[in-house]
Amino acid sequence: MQTALADTGGRPVAIRAIDIVKRYGGVVALNGVSLTVGEGEVFGIIGPNGAGKSTFFDVLCGITKPTSGRIEVLAQDVGKISPHVVARSGVARTFQRTAVFGEATVYDNLLYGRHASFTHSVIGRIVGSEAYRTEMAAFRAKAEDVLAMSGLSQDRDRIGNTLSYGVQRRLAVAVALMSDPKLLFLDEPAAGMNGRETADFIALIEKVAQGRTVVIVEHDMTVIKALCGRALVLVDGRPITVDAPEEVFRHPEVITAYLGSDDD
Ligand SMILES: Nc1ncnc2c1ncn2[C@@H]1O[C@H](COP(=O)(O)OP(=O)(O)O)[C@@H](O)[C@H]1O
Ligand SMILES: [Mg+2]
């Protein structure tokens, strides 16, 4: 792999993936992907449809076990812990398909986002335990911050499926922020947005990225160029190059791959 910007430039390591292979029967979704992402980076992953981008996210979050290879995320061996332990250690993600509860309000969607970090029991909730009250107070404070940051304060009582598509995508990011992640994975977050929504979204992610590591899969190169210092190109499960976004499209294999695909 050509690696002009292959390392983290001296930053502490947030993600280290070593020689990841993932096979589904005869399909090789990931074919020897190695990557190091530094703390505080906004890192892009691009590549044609079917390149393995979503699979790579699943593997990094511990949702999917790789066929072989090793992953460390926030200094933990992802192969040895379950996905909810990965989540509790400060990792959150959004999914390629909108993951908003359409029947629930914006505010209730945020409550679901916080749920994973609750420790109070159901009984504690019924009897109004101290733990329950403390966690609900923390939830309400966090929800106000997240609503303000994501520009959703006006929309808190609106039902999910009445929101415009762009607002639903922002809500998906807001839900992920409720756990106050140190590391955030965004899978095609701006897909289907119009130009105005995309510009607002870039501004949101710039704010979100303060003090966090963000890894973003996105087809819209405007988003990648605006946000990412480095980007990895995957083609057919293989890493082609890691470099600055404006450089990766000079790579001959990247040009060939994109000319040969009809979705980009
Ligand atoms: N659960 C699965 N079972 C079988 N094949 C899968 C599964 N998930 C992904 N694949 C295959 O792996 C390849 C990579 O898919 P994916 O990671 O979704 O690509 P991308 O997100 O880059 O579009 C594709 O060929 C896809 O069909
Ligand atoms: Mg995908």
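## A polar contact at S54

A polar contact here is a pair of N or O atoms within 3.5 Å, and inside the protein one of the two must be able to donate a hydrogen while the other can accept it. With that in mind, let us step into this predicted model at D187, whose side chain makes a polar contact of 2.6 Å with the side chain of S54.

D187 sits in strand β7, which spans residues 183-187. Is D187 buried or exposed? Its relative accessibility is 1%, and because buried means under 20%, D187 counts as buried. Leaving aside residues up to four places away in sequence, D187 touches S54, F57, R93, T94, F95, Q96, R169 and V217. Two names in that list, S54 and Q96, return in the next section.

## The magnesium ion

Which residues coordinate the magnesium ion, ligand 2? They are S54, through its OG atom, and Q96, through OE1, at 2.1 to 2.2 Å. This pair brings together distant parts of the chain: S54 belongs to helix α1 (residues 53-60), while Q96 is in the loop between β6 (91-94) and α3 (106-115), and 42 residues separate the two.

How open are these two residues to the surroundings? S54 has a relative accessible area of 21%, so it is classed as partly exposed. Q96, at 26% relative accessibility, also counts as partly exposed. D187, by contrast, is buried at 1%, although its side chain makes the polar contact with S54 described above.

## The shell around ligand 1

Some atom pairs are worth a look on your screen. The side chain of K53 has an N or O atom 2.8 Å from an oxygen atom of ligand 1. A polar backbone atom of G52 is 3.0 Å from an oxygen atom of the ligand, and for A51 a backbone N or O atom lies 3.2 Å from a ligand oxygen. How much of ligand 1 does the protein cover? On its own the ligand has 560 Å² of accessible area, and the protein covers 59% of that.

Most residues other than glycine have a negative phi. A75 has a positive value, near 65°, and D236 likewise has a positive phi, near 50°.

Where do they lie? A75 is in the loop between β4 (68-73) and β5 (76-77), and D236 is in the loop between β9 (230-235) and β10 (238-243). A75 has a relative accessible area of 73%, so it is exposed. D236 counts as exposed too, at 58% relative accessibility.

## Helix α9

One more stop takes us to E247, found in helix α9 (residues 245-248). This residue is partly exposed, at 33% relative accessibility. E247 and V28 are 219 residues apart along the chain, and their C-alpha atoms are separated by 27 Å.

Conventions
Residues numbered from 1 in each chain as written. Chains lettered and ligands numbered in written order. Predicted model: local features only at pLDDT ≥ 70, side-chain atom pairs only at ≥ 80, totals over all residues. Heavy atoms only, no water. Donors = N, O, S within 2.8 Å, 3.2 Å for Na, K, Ca; no water. Helix = DSSP H or I, 4+ residues; strand = E, 2+ residues; numbered from the N terminus. Buried < 20%, exposed > 50% of the residue type's maximum accessible area, 1.4 Å probe, protein only. Areas by Shrake-Rupley, 256 points an atom, 1.4 Å probe, with all protein chains shown as cover. Contact = heavy atoms within 4.5 Å.
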